[in-house]
Amino acid sequence: MRLLLIEDDDRIAGPLTEGLGRYGFTVDHVRTGTAGLTERAAAPDLVLLDLGLPDMDGLDVCRSLRARSAVPIIMITARGEEADRVVGLELGADDYLAKPFGVRELIARIRAVTRRAGAPAFTSAGPPGTPDPNRPPSGAQELGSLVVNRRTREVHLNGRHIALTPREFDLLAFLADDPGTVCSRQQIMDTVWDPHFFGPTKTLDAHVAALRRKLGDPGWITTARGVGFRLTVPGEPVTSEAAG
Ligand code: CA
């Protein structure tokens, strides 16, 4: 999926382009409204539009884009632009995100907007159009004796409800997105925390420790030394690296 990002602030565009790239999105980044409207690189599947641009009003960019195509548009807005959001939606933008936001949140919006626009569904677990066999429509995902329900944000283990903090749930749900696959520390920080997260990531270790304790078996979350973590069902064979 090809995204056109129109954003003049490189401190936002940089991590965003990188984070989205890790999820398989191709991002064309331009810094002005004019460049966004004259962008000739392959027609984007979706436009991420910052409203505060140096050369023209983002709302005018939105209006011009909509006048020429039905491409889904997600506005990126700063504080104090509440009125602009309303106007933008009236001008035909599909959704908006207020800064700061995480890559995971953005991807959820992209999914929702493309679904509404009738584009083929896609998941992060596979190429576009590939349904995720582990994800029944109810939103409940079963991993051995563990059931993760993203719709209700509830977790059950052997039929017993496990009380998790919102962040613990997000971390578990993120790891459960692709069981058995190692998620790097940076990838986890970018999505479960924030793409603008700087500083020590000890909080991640603390949350992993809390999850292991609550799940009653450290085997649920395996450490890939020097890389990150992955979710594994205890007792099921683990491939490659040693558990930690
Ligand atoms: Ca801006």
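Let's start with Arg109. Arg109 is partly exposed, at 25% relative accessible area. The scale, with a 1.4 Å probe and protein chains only, is this: buried is under 20%, exposed is over 50%, and partly exposed lies in between.

Some ground rules. This is a predicted model, so local features need pLDDT of at least 70 and side-chain atom pairs count only at pLDDT 80 or more, while totals for chains, interfaces and linings use all residues. Residues are numbered from 1 along each chain as its sequence is written, and side-chain values use heavy atoms, with hydrogens and water left out.

Back to Arg109. Its salt-bridge partner is Asp95, with the closest N and O atoms 3.4 Å apart. By salt bridge I mean a side-chain nitrogen of Lys or Arg within 4 Å of a carboxyl oxygen of Asp or Glu. This pair links distant parts of the chain: Arg109 sits in helix 5 (residues 103-116), Asp95 in strand 5 (residues 95-98), 14 residues apart. Helices (H or I, at least four residues) and strands (E, at least two) are DSSP runs, numbered from the N terminus. Asp95 is buried, at 15% relative accessibility.

Next, another arginine of helix 5. Arg104 and Asp177 form a salt bridge, 3.2 Å from N to O. Asp177 lies in the loop between helix 6 (166-176) and strand 10 (183-184), 73 residues from Arg104. Arg104 is partly exposed at 24%. Asp177 is buried at 15%.

On to helix 6. Asp170 in helix 6 pairs with Arg153, in the loop between strand 7 (146-149) and strand 8 (154-157). Their closest N and O atoms are 3.0 Å apart. Here Asp170 is partly exposed at 23%, and Arg153 is partly exposed at 41%.

How many salt bridges does the structure hold? The total is 15. Some form a network, linking Glu7, Asp50 and Lys99.

Last topic: helix packing. The axes of helix 6 and helix 8 (residues 202-215) come within 10 Å and cross at roughly 85°. Axes are lines fitted to C-alpha atoms, for helices over the stretch in contact, with angles from 0 to 180 degrees between N-to-C directions. So helix 6 is roughly perpendicular to helix 8, a label covering 65 to 115 degrees.

Who makes the contact (heavy atoms within 4.5 Å)? Helix 6 brings Arg167, Glu168, Leu171 and Leu172. From helix 8 come residues including Leu204, His207, Leu211 and Lys214. The contact residues divide into 7 nonpolar, 1 polar and 3 charged. For those classes, Ala, Val, Leu, Ile, Met, Phe, Trp, Tyr, Cys and Pro are nonpolar, Asp, Glu, Lys and Arg are charged, and the others, Gly among them, are polar.

Notes:
Parallel < 35°, antiparallel > 145°, perpendicular 65-115°, else oblique. Contact = heavy atoms within 4.5 Å.
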